[in-house]
Amino acid sequence: MEPKDYIVTEIESEYAYLRRTDVDGGAELYIALALLPFGTDVGTRLHYECMQYTIIK
């Protein structure tokens, strides 16, 4: 799977909505917060590669 960048647009209970930064109007991903790095919040930019998310600073 190719690397992708996301931004967290919303957090609802134990889940986060992620939107790809390179696609306009694309579908959002709904993913458990437990799979995201500690400190993830609304507006956090994430990089996904090798089945792992990391925070982009």
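**Questions and answers on this structure**

Reader: Let me start with Met51: what is its relative accessible area?
Author: Exposed here means over 50% relative accessible area, buried under 20%, and partly exposed in between (1.4 Å probe, protein chains only). By that rule Met51 is exposed, because its relative accessible area is 75%.

Reader: What kind of model is this, and what pLDDT do local features need?
Author: Residues are numbered from 1 along each chain as its sequence is written, while side-chain values use heavy atoms, with hydrogens and water left out. This is a predicted model in which totals for chains, interfaces and linings use all residues, side-chain atom pairs count only at pLDDT 80 or more, and local features need a pLDDT of at least 70.

Reader: Thanks! Where does Met51 lie?
Author: Strands are DSSP runs (E, at least two residues; helices are H or I, at least four), numbered from the N terminus. Met51 has a phi near 60 degrees, a positive value in a residue other than glycine. Its place is the loop between S4 and S5.

Reader: Which residue in the turn of the S4 and S5 hairpin has a positive phi of about 55 degrees?
Author: Most residues other than glycine have a negative phi. S4 and S5 pair in the antiparallel sense over four bridges. Two residues stand between these strands in the hairpin, and the one with a positive phi of about 55 degrees is Cys50.

Reader: And what is the phi of Ser13?
Author: Ser13 sits in the loop between S1 and S2 and is exposed, with a relative accessible area of 64%. Its phi is positive although the residue is not glycine: a value near 60 degrees.

Reader: In what order do the five strands form the sheet?
Author: Two strands pair if DSSP finds at least two bridges between them. S1 is joined to strand S2 (residues 15–20) by six antiparallel bridges, and to S4 by four, again antiparallel. Altogether, the five strands form an open, antiparallel sheet in the order S3-S2-S1-S4-S5.

Reader: Which strands stand at the edges?
Author: Each edge strand has a single partner strand, so one side of it is left without a neighbour in the sheet; these are S3 (29–32) and S5 (52–55). As for the twist from one strand to the next, the average is 40 degrees. To come back to your question, the edge strands are S3 and S5.

Reader: How far apart are the ring centres of Tyr6 and Tyr53?
Author: The structure holds four aromatic pairs, where rings of Phe, Tyr and Trp (its six-membered ring) pair if their centres lie within 6.5 Å, and planes count as stacked under 30 degrees, edge-to-face over 60 and tilted otherwise. The planes of Tyr6 and Tyr53 stand at 55 degrees, so the pair is tilted, and the centres are 6.3 Å apart.

Reader: How many residues apart in sequence are the parts that this pair of Tyr6 and Tyr53 ties together?
Author: Tyr6 is buried at 7% relative accessible area, and Tyr53 is buried at 12%. Tyr6 lies in strand S1 and Tyr53 in strand S5, so the parts tied together are apart in sequence by 47 residues.

Reader: Which residues form one aromatic cluster?
Author: In S5, the bridge partner of Tyr48 is Tyr53. Tyr53 and Tyr48 also belong to one aromatic cluster, whose members are Tyr6, Tyr48 and Tyr53.

Reader: Which side chain meets Asp22 in a salt bridge?
Author: A search of the whole structure finds one salt bridge. Asp22 is exposed, with a relative accessible area of 55%. Its partner, at 2.9 Å from N to O, is Arg20.

Conventions
Axes fitted to C-alpha atoms, helices over the stretch in contact; angles between N-to-C directions. Salt bridge = Lys/Arg side-chain N within 4 Å of Asp/Glu carboxyl O.
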